[in-house]
Amino acid sequence: ATSATDAVLAVSDEGMPAPTDASERAAVAAPAADGTAPTPCRRSKRAFRSVLGVPGAGAAGGMAAALLALGAQLVPGVEAVLDLVNFDGACVSSDVVITGEGHMDEQSAGGKTPVGVAHRAKHLHKPVIALVGGRAENLESVYQEGVDLVLPVVRHPMTLEEALSESEAHANIACAGEAAIRAYLMGRAPR
């Protein structure tokens with residue numbers, strides 16, 4: 001249940017431009033964080049407004065549209081989550097950023113989490129490696145968005161059920177992680 005002091009934040013990535021720097025992200029998040037964003041419980045003189053055509057308003061069955069009509073602010077989901085976990089602070093002291101996705105393809109370049117992570121990492125001049133369950137043949141659009149290397153995690157042919165078993169998943173991720181770090185170190189080796 002919400003109280004009169006709760007802020008509503010509608011979160012979606014669908015077709016939304018990401019804030020480009022920390023000050024812009026802070027400006028987007030500030031009304032929700034400090035409680036000044038309108039909420040459904042606050043009585044205000046705002047009238048409901050049309051949200052037709054607002055990017056991201058149709059996500060999650062129209063939940064974002066309903067929240068927008070009530071005065072919420074819509075921000076890209078990956079940006080909100082990265083801010084919540086202090087991604088930039090952790091990234092500053094990192095040498096490489098490793099992200100992941102079940103299947104990397106051209107749609108991944110349109111705002112999915114690995115590309116959101118890559119955008120933020122690139123602002124801090126960090127290389128980005130994506131570990132994936134599967135990948136499309138052509139990933140040029142993903143590379144253009146800041147992902148430097150895409151590594152599939154499956155070590156050998158196996159069924160999906162096998163790949164998702166705890167022992168195989170652990171072994172697959174361990175081997176893919178080793179390959180990612182070796183690729184990173186290879187790029188740093190003196191020639």
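User: What pLDDT do side-chain atom pairs need to count here?

Analyst: Residues are numbered from 1 along each chain as its sequence is written, and side-chain values use heavy atoms, leaving out hydrogens and water. This is a predicted model, in which totals for chains, interfaces and linings use all residues, local features need pLDDT of at least 70, and side-chain atom pairs count only at pLDDT 80 or more.

User: Which residue does K122 meet in a salt bridge?

Analyst: A salt bridge here is a side-chain nitrogen of Lys or Arg within 4 Å of a carboxyl oxygen of Asp or Glu. The N to O distance in the K122 pair is 2.5 Å, and the partner is D148.

User: Why does that pair tie together separate parts, and how many residues apart are they in sequence?

Analyst: K122 meets D148 in a salt bridge. K122 sits in helix α5 and D148 in the loop between α6 (140-144) and β5, so the contact ties together parts of the chain that are 26 residues apart. Helices (H or I, at least four residues) and strands (E, at least two) are DSSP runs, numbered from the N terminus.

User: In what order do the strands of the open sheet lie?

Analyst: Strands pair if DSSP finds at least two bridges between them. The open sheet has three strands, and the pairing is parallel, in the order β3-β4-β5.

User: Which are the edge strands, and what is the average twist?

Analyst: Each edge strand pairs on one side only, and these are β3 (97-104) and β5 (149-152). From one strand to the next, the twist averages 30 degrees.

User: Which residue of β4 stands opposite I98?

Analyst: Strand β4 covers residues 128-135 and runs parallel to β3, with seven bridges joining the two. Opposite I98 stands I129.

User: What angle does helix α5 make with β3?

Analyst: Axes are lines fitted to C-alpha atoms, for helices over the stretch in contact (heavy atoms within 4.5 Å), and angles run from 0 to 180 degrees between N-to-C directions. Helix α5 (residues 113-123) packs on the sheet and touches β3 and β4; its direction makes with that of β3 about 155 degrees.

User: And which helix lies across β3, β4 and β5?

Analyst: This helix spans residues 166-188 and runs at about 140 degrees to β4. The name to look for is α8.

User: What is the phi of H125 near?

Analyst: Most residues other than glycine have a negative phi. H125 lies in the loop between α5 and β4 and is exposed, with a relative accessible area of 70%. Phi of H125 is positive, near 60 degrees.

Definitions and conventions:
Buried < 20%, exposed > 50% of the residue type's maximum accessible area, 1.4 Å probe, protein only.
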